[in-house]
Amino acid sequence: MKPPSSMIIHAPSSTKNKEGKRDPEMHQTKKGNQYFFGMKAHIGVDADSGLVHSVVGTAANVADVTQVDPLLHGEETHVAGDAGYTGVHKRPEHESRKVIWSISARPSSHKKHGKKSLTGRMKRKIEYAKSQVRAKVEHPFRVIKRQFGYTKVRFRGLVKNTAQQVTLFALSNLWMVRKQLMITGEMRP
C-alpha cells in the first residue's frame with residue numbers, strides 16, 4: 001500500500017529583488033477559500049513503515065492527480081489517496097496497473113446523505129477507514145514542517161527547492177526510525 005499526497009510550500013511573493021519580479025517557476029493556487037503562492041511537494045509513502053520513497057516538486061497550480069505516475073514504483077497492490085486524486089484510475093498511464101484504488105470521496109458527497117441515514121453512516125465509516133491508511137502520509141509533512149521548520153522555500157526555482165525537499169524527506173525518514181536505530185546501535189558489541 002502506498003498513499004501519495006502533496007503539500008503546498010509557500011514562496012516569497014515579494015518583488016523586492018534585482019529583477020523586480022516573483023519567482024517565475026512558482027505559481028499561485030487556491031485551496032479552500034485561500035490563495036497560496038509557491039510550489040507543491042508530492043510524495044509517495046509506504047503505508048506499512050510510513051517512510052517516503054519518492055518525491056516530486058511542482059508549481060503549486062499543478063493538479064495532484066497528474067503526479068501519481070512518478071510516485072508509484074510499479075509493485076503496488078493498493079494505492080490510497082485523498083480527494084485530490086479523484087479519477088486517477090481513468091487516466092491512460094494507469095490503465096495497465098493491477099491496483100486497488102482507494103481514493104477518498106469529496107466532503108460534499110458525504111453531506112448529501114445526511115448523518116442519520118444508513119447510507120450516510122456507512123459512507124462515513126468507509127471514509128474513516130480510508131483516512132486511517134492515509135494518515136501515515138501526513139507524518140513526513142509534519143516532521144519537515146515542525147521539526148525542521150521548513151514552511152517556506154529557501155531558493156529560487158523548482159530544481160533547487162526540490163533537491164532540498166528530497167534531502168529533508170530523507171532526513172524525515174531517519175527521524176521517524178530514530179528509535180529503531182538507537183536500539184540496534186545499543187545491541188552492537
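The model is predicted, so local features need pLDDT of at least 70, side-chain atom pairs count only at pLDDT 80 or more, and totals for chains, interfaces and linings use all residues. Residues are numbered from 1 along each chain as its sequence is written, and side-chain values use heavy atoms, with hydrogens and water left out.

The protein chain holds five helices and six strands. Helices (H or I, at least four residues) and strands (E, at least two) are DSSP runs, numbered from the N terminus. Along the sequence they follow the pattern β-β-β-β-α-β-β-α-α-α-α. The C-alpha atoms fill a box of roughly 60 × 55 × 35 Å along the principal axes. Contact means heavy atoms within 4.5 Å. Of the contacts between residues at least 6 apart in sequence, 58% join residues at least 24 apart.

The chain exposes about 11600 Å², an area found by the Shrake-Rupley method with a 1.4 Å probe. Carbon and sulfur atoms supply 56% of this area. Of the 189 residues, 38% are buried. Buried means under 20% relative accessible area, exposed over 50%, and partly exposed in between (1.4 Å probe, protein chains only).

The largest pocket contains about 470 Å³ of space. A pocket is an open set of points on a 1 Å grid over the protein atoms alone, where a 1.4 Å probe fits, with protein on both sides within 12 Å along at least five of seven lines; lining residues have an atom within 4 Å of a point. Its volume is the space filled by probe spheres set on the points, which are joined across faces, edges and corners. The lining counts 20 residues, and S6, I8, K31, K40 and D64 lie nearest the centre. The elements giving two or more residues to this lining are β1 (4-10), β2, β3 (34-45) and α3 (118-147). Strand β1 gives the most, with six residues.

T29 sits in strand β2 (residues 27-31). Beyond neighbours within four places in sequence, T29 contacts I8, Q34, Y35, F36, A60 and N61. F141 lies in helix α3. Residues up to four places away aside, F141 touches S5, S6, M7, A41, I43 and F169. F141 and L51 are 90 residues apart along the chain, and their C-alpha atoms are separated by 11 Å.
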